[in-house]
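Here is a short tour of a structure, written for someone who likes to click along. Have the viewer open and pick out the residues as they come up.

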Amino acid sequence: MGAMTLDPGQLSVRLDLEMRSDASDGQGGVVTTFTTFATLWARIEPVATRIEERSDEAVFSVTHRLWIRFRDDLSAGMRFRKGGRMFTVRAFYDPDETRRYLVCNCTEERQ
């Protein structure tokens, strides 16, 4: 497979990349916080939606494909933030194995 062509102008959404950190709450539980450690440009592609009911409340999730420039410090469980929207990274891959871009499969949950 040859190198794919992606117009860099399509990376038009500014996102914060956040890393998860867990800390003890002092009572045997865990407090999860996210810390921003990078700001980058991305392309967001909605892929699918799913609606379910949790505790008598409708919740829907949208899966997205986020295209970013290649970086080697990404891991599943991190998230991207755009204002109040959060995209949790489920998986990611290098689409043409040239270390130019990463495609991140992400989930955005809404209530």
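## Starting at Arg 43

Leaving out residues up to four places away in sequence, Arg 43 touches Leu 6, Gln 10, Leu 11, Arg 65, Leu 66 and Trp 67, where contact means heavy atoms within 4.5 Å. Arg 43 sits in strand β2; strands here are DSSP runs of E with at least two residues, helices are runs of H or I with at least four, and both are numbered from the N terminus. Arg 43 is partly exposed, at a relative accessible area of 25%. On that scale, buried is under 20% relative accessible area, exposed is over 50%, and partly exposed is in between, using a 1.4 Å probe and protein chains only.

A word on the ground rules: this is a predicted model, so local features need pLDDT of at least 70 and side-chain atom pairs count only at pLDDT 80 or more, while totals for chains, interfaces and linings use all residues. Residues are numbered from 1 along each chain as its sequence is written, and side-chain values use heavy atoms, with hydrogens and water left out.

The side chain of Arg 43 makes a polar contact of 3.1 Å with the side chain of Glu 45. Such a contact is a pair of N or O atoms within 3.5 Å; within protein, one must be able to donate a hydrogen and the other to accept it, and residues adjacent in sequence count only if both atoms are side-chain atoms. Glu 45 also lies in β2. Buried or exposed, which is Glu 45? Glu 45 is buried, because its relative accessible area is 16%.

Follow the Glu 45 side chain onward and you reach the side chain of Trp 67, through a polar contact of 3.1 Å. Beyond its neighbours within four places in sequence, Glu 45 is in contact with Thr 63, His 64, Arg 65 and Trp 67.

## Ser 12 comes alongside

Ser 12 belongs to the segment before β1. Arg 43 and Ser 12 are 31 residues apart in sequence, yet their C-alpha atoms are 6.1 Å apart in space. Setting aside neighbours within four places in sequence, Ser 12 is in contact with Trp 41 and Ala 42.

## How the strands pair

β2 covers residues 30-54 and is joined to β1 (residues 13-24) by 12 bridges, the two strands running antiparallel. Two strands pair if DSSP finds at least two bridges between them. Within this pairing, Ala 23 stands opposite Val 31 in β2. β1 and β2 form a hairpin with 5 residues between them, and Gly 26 in the turn has a positive phi of about 85°.

How many bridges join β2 to β3? There are 12, and β3 (residues 57-69) runs antiparallel to β2.

## The loop between β5 and β6

Glu 97 lies in the loop between β5 (85-93) and β6 (101-110). Glu 97 is not a glycine, but has a positive phi of about 55°. Glu 97 is exposed, with a relative accessible area of 72%.

Arg 99 is in the loop between β5 and β6 as well. Arg 99 is not a glycine either, and has a positive phi of about 60°. Arg 99 counts as exposed because its relative accessible area is 54%.

## The whole chain

Zooming out, the protein has 0 helices and 6 strands. The C-alpha atoms fill a box of roughly 50 × 30 × 25 Å along the principal axes. Of the 111 residues, 30% count as buried. Among contacts with a separation of 6 or more, 52% come from residues 24 or more positions apart.

One last thing to click on: Arg 79 lies over the face of Phe 34, at 3.7 Å from the ring centre. A charge sits over a ring if NZ of Lys or CZ of Arg is within 6 Å of the ring centre and within 35 degrees of the ring normal.
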